[in-house]
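Here's a quick briefing to read with the model open beside you. It starts with the terms, then goes through the chain and a few spots in it.

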Amino acid sequence: MTTNTASAYTVVKTLQEGNGTRLLRAIRNTDHHPVVLKVIDSKRSRPQDLERLKHELEIGRALNIPSVISPLAIETYEGLPVLILEDFGGESLDHLLGSPMDTGRFLLLALRIAEAVAEVHRRNVVHKDLKPQNIFVRATTDEVKLADFGIASRLPREHTSPRNPRHIEGSLPYMSPEQTGRTNRAIDSRSDLYSLGVTYYQMLTGRLPFDARDPLEWVHSHIARQPPAPSEVVPKIPEALSRIVMRLLAKTADERYQSARGLAHDLQRCLEQWREHGTLEPFPLGERDIAGLLRIPQRLYGREAELAYLRDAFDRMVTQGMPELVLVGGNSGVGKSALVRELHETVVRAGGYFLSGKFEQYASNVPYATMAQAFKALVLDLLAQDEERLRATKQALWEALGPNSKLILDVLPPLEHLLGKLSPVPELPPAEAERRFRGAFRRFLGVFATREHPLVLFLDDLQWADSSSLGLIENLLVEPGTHHLLLLGTWRDNEVSSSHPLTMALERIRKASAPVNGMLLEPLRLEHVARLVADTVHAVDPEHARPLATLVYEKTGGTPFFILQFLTTLYAERLLEFDEASGTWRWDIEQIRQKGYTDNVVDFLLGKLSALPPPVRDVLETAACIGSKGRISLLALVSGKSEEETRQDLFDAVREGLVLSSRDTYAFAHDRVQQAAYSLLSEGHRRELHLRIGRLLLAHTSLEELEERLFDVVTQLDLGAAMVTEPQERIRIAELNLRAARKAKASAAYRIAANYLARGMEMLDSDAWEHQYTLAYALFLERALCELLSGSFDEAKRLFPVLLTHARTRADKAAVCCIQIQTHLTRGALGESIETALEGLRLFGIEMVPHPSAGEVEQVYRSVWGHLGNRPIEAILTQPPMTDPDVRAAMNLLTSLRLPAFTSDLHLLSLTICHAMLLSLRYGNAPASPPNYA
């Protein structure tokens, strides 16, 4: 970036202001050459604005075509970065708008705009921000040039995930549905054609197709609302033009024009008609609209009955208001997720919320991660509301959750922007804490799932769900108070046995009489594959494509994911290619057969990955270790490359249909691809990569951010922990596991917490009890409790002797006794419970018989009370509420105690006495009406 002073240019006119930049028409003083200065606005600039200027310069230089305003250099103007652009004397198109444009004038400009866009698309660039402000017209010649390629993409398909609508790249009034990140559709050149449709609509009618009050309403409009046709707004607009615009504004890309070249052909035909006759006669649209790129339609084939089944379930939930679970089973790649996501439009049109999350095979140790992923999109939408609705939502959340709001905030950190920082909730006994969290989550969900806004929660790959999430799903369906919720889950039924946690959870849900329905998806039949292939190659006569379709069916068995991969490979290897001369697709069946492609999808993918250039294969293997999706910045960091180099490495994988990518993120196109990439790594190399990822995450995460990213960091470190030999790093990993376990336990995710604790224990050296006593004791004690709470009684029992052998103080031993008592009680071992309680009392010099009298109990109790100075203490009790009057009376007595924490021998003594008292009253020879010990 060269440096210049403001005196190098004389500003003549301000052309535009907004979006953090200003466009200034200027004269370069050295040679009096006219230029346009694109200056970052010091008052409204953002960190990414400079990156966009650099990107615009890079893209513009790469394009180097007449239809794009040429960028010349990045310099400095008045102390701010400025992009120097050519000035061809044009004004932005928005200066010509405001009232309906004359048909002849529209046709000329629309054609030249379409030709300019076609020229850009031919060079594999998608603009992503086409709008009147970025289209420049020279009044004297009607020459058209495109500007502002700051967010343009050279990816053939770009994936974008949901984000706050205020922060979506592009301009909301002109944005395609897929660019909002809420349709599960990739962005390609047809996204630009939607933006052109909005621009043409505005040119013809003098208004935008939609009006909206805030970003969220703009997003909803593009996804769900249907605008009136231009001819309905301005009756004199020829019907042919109105139909062209409405075709461009189709919600799904497959129903739009497929190429700017095809659009330009129809506009040229209209212009010729208009010049010759002054009228436009209707004609079939899109006769020359065949893109030279392979685009497999994103619509469903052969799933009409299954989609109707899901729509019926949604209608039933809306009408009756009762929660329901619908399961979609089938083998990997059969199209389960695509089927469920097809319900999205139905839900949005009904005013509902469609939320989705995906369980990960290699990230099952992150409690409620999938729920958080699903509800994150909802929270981002909340934050895009206007101030009045934000206040109403905040009030509704406070009324529903009260002090328990922090429980939801811990799972959904973005909520902090709405609710602010909150204090931790009081600790409760584990069983009560679990009930509290699940109750809070039901109430949180109830704020949004209403008759006016029914909620559909799609959970993908339930076979990998963690136990805490399965428990929460069960709670939502079984417990009263959940309304207007439809849970949709996909699962690989061939990977789930009768003893699988999902199977057992479903059995419990069914026994509780909660509605559980579902279906099993089969592969596509030959006739469905034939339709898909015919549409892909734009066969006028479907029979012409029948031989190719038959071969595809034979090789793929009708599995949609395999079909996509197979066709993409044929295209990449030029066995399926577009003939520009004839405007048709061609292929050679015998040539394809001679290649000897395997009909096993796993082997096919492995072969496809192995054939990639080493840098591409390396980046995919690293990405597979990070997860099914992730940030390119992290991928670049782990790979030791720049972000631009990493994007370039991913480009081939995107072109092959293996990965979806945006400028900032990547995502594997399917689990099978991630699994295949992961399997290419040796066990040792996997561990090295995981450890490297974990170390880099830890090193580049601030102390403030660590709490939010703790599970990601610890999971990666644990997967590579076997490679760690340095003692201090092993201790650090053990400490992080303890921290992660306590966080998981606070959310009642006890099985996950126990797993973290087990990993932490593995990091301890043989002399840890001597040199790292506090850490070792905490790991073992917490694990014993979490094993108990997750039902692994034998594992908990195995830990007690180790704890009691190494515990250094009476307090530490008594804490172990308390967990032992709970374990024995849960297993129904009453005698062992009483004996353990008495052993705990002996630690403090108190001898009691198994069945003491009420007087003996009172005497010991008052003795301890006296040592505590008769101050109120809080008893920590783990027993559920009792119905027996005598036991209930004892519970009332015990709950009157107030003990803040295990801070002294006396506190633990009081707890142990509580256990002994409870056991003696419940199972001993206590009087019918215990005395009032309080």
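"Buried" means under 20% relative accessible area, "exposed" means over 50%, and "partly exposed" is in between (1.4 Å probe, protein chains only). This is a predicted model, in which local features need pLDDT of at least 70 and side-chain atom pairs count only at pLDDT 80 or more, while totals for chains, interfaces and linings use all residues. Residues are numbered from 1 along each chain as its sequence is written, and side-chain values use heavy atoms, with hydrogens and water left out.

**The whole chain**
- The protein chain has 38 helices and 18 strands; helices (H or I, at least four residues) and strands (E, at least two) are DSSP runs, numbered from the N terminus.
- Of its 934 residues, 56% are buried.
- Take the contacts (heavy atoms within 4.5 Å) between residues at least 6 apart in sequence: 70% of them join residues at least 24 apart.

**Glutamate 452**
- Glutamate 452 sits in the loop between helix H15 (430-448) and strand S11 (455-460).
- With a relative accessible area of 56%, glutamate 452 is exposed.
- Neighbours within four places in sequence aside, glutamate 452 is in contact with Ala350 and Gly351.
- Valine 318 is 134 residues from glutamate 452 along the chain, yet their C-alpha atoms are separated by 8.8 Å.

- Leu548, Ala549, Leu551, Val552 and Thr556 are buried in H19.
- Why do they lie on the same side of H19? Because they cover an arc of only 160 degrees around the axis, going by the directions from the helix axis to the C-beta atoms.
- As background, an α-helix has 3.6 residues a turn, so residues three or four places apart point the same way.
- The buried residues of H19 pack against helix H18 (526-536), H20, strand S14 (576-579), strand S15 (584-587) and helix H21 (589-595).
- Just after H19, glycine 557 takes a positive phi of about 65 degrees.
- Threonine 559 is in the loop between helix H19 (546-556) and helix H20 (560-572).
- Threonine 559 is buried, at a relative accessible area of 18%.
- Again setting aside neighbours within four places in sequence, threonine 559 is in contact with Ser332, Gly333, Val334 and Pro523.

**Where H3 meets H6**
- From H3, Leu193, Tyr194, Leu196, Gly197, Tyr200, Tyr201 and Leu204 meet Leu241, Val245 and Leu248 of H6.
- Those residues divide into nine nonpolar, one polar and no charged, where Ala, Val, Leu, Ile, Met, Phe, Trp, Tyr, Cys and Pro count as nonpolar, Asp, Glu, Lys and Arg as charged, and the others, Gly among them, as polar.
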